[in-house]
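Have the viewer open as you read along.

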Amino acid sequence: MESILELLASPAAWAALLTLIVMEVVLGIDNLIFISILSNKLPEAQRQKARTIGISLALVMRLALLTMIAWIVGLVAPVFDLGIVGPPGAHGEPAFETQFSWRDLILIAGGVFLMWKATTEIHHSVDSDSHDTDDLLDKKKVLSISFTAAIVQILLLDIVFSIDSILTAVGMTDHVEIMYVAVVFAVSVMLFAATPLANFINNNPTVVMLALGFLLMIGMVLIAEGFGAHIPKGYIYTAMAFSAAVELLNIWSRRSKAKKAGVGKRPE
């Protein structure tokens, strides 16, 4: 109890909490995009349930991993080394390396799965017998999946993103209480934003392709990190935010033109 009161009275602890919450929310975006796209492939009556279960699993996974911090930290210990090292970068560190830990192997496996899944979804989205471009992104043409398959795939990615999330938290603070609060808050934000995001993606087919492009990029980043390449996350999320902003402008422009065209028509 005394330790909690000390944390509440510490400005440094509050600063660490706010920083960690922001980081956890940002890291949760990847997880949320995947859950939104996958849940939209289910019948409408099952989508909300799948999103709730998927995000709840993410919370359970993160909280469970927090109770095993010593084991989580041990995941970064090298397991084997192939002895291949890339050329030194700007700061002297190698561009890549082949000294793999369990965390690296999990990130590589998750990245490969994410790239395979995104590529498969893109293929199903654009593979059409019709040459009409309006049909290329018709969400009705996307292959549906079963509820169980969706939950299993969400669970697999939850494991990858949860380990990455907890390792980030461990690297930012030594106080488990702060980690718990930040994780619960970040997952609550995910739960609140899941349905609006999924509905927005579902109602704007071009956004589906943009989101799948994000998943491809995230998959590549996970694989690169597994090979020891250090890619600043700020660059990735800035690129994603810029692309999303451009797409929002495109949607706004299309809706504005459609509205003007509708107003300009005279009733016969």
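## Salt bridges

The structure holds two salt bridges, each meaning a side-chain nitrogen of Lys or Arg within 4 Å of a carboxyl oxygen of Asp or Glu. This is a predicted model, where local features need pLDDT of at least 70 and side-chain atom pairs count only at pLDDT 80 or more, while totals for chains, interfaces and linings use all residues. Residues are numbered from 1 along each chain as its sequence is written, and side-chain values use heavy atoms, leaving out hydrogens and water.

R103 is buried at 19% relative accessibility, and D104 is buried at 10%; buried means under 20% relative accessible area, exposed over 50%, and partly exposed in between (1.4 Å probe, protein chains only). The other bridge links E247 and R254 at 3.4 Å, N to O. Here E247 is buried at 13%, whereas R254 is partly exposed at 41%.

## A buried arginine without a partner

R51 lies in helix α3 (residues 44–66); helices (H or I, at least four residues) and strands (E, at least two) are DSSP runs, numbered from the N terminus. R51 is buried yet has no salt bridge, and E44, the nearest side chain of opposite charge, is 8.1 Å away.

## Helix α5

The 25 residues of helix α5 (residues 102–126) should span 36 Å at 1.5 Å a residue, and this agrees with its end C-alpha atoms, which are 36 Å apart. The expected span is 1.5 Å times one less than the number of residues. Buried residues in α5 include L107, I108, F113 and L114.

Definitions and conventions
Lys and Arg count as positive and Asp and Glu as negative; His and the chain ends are not counted.
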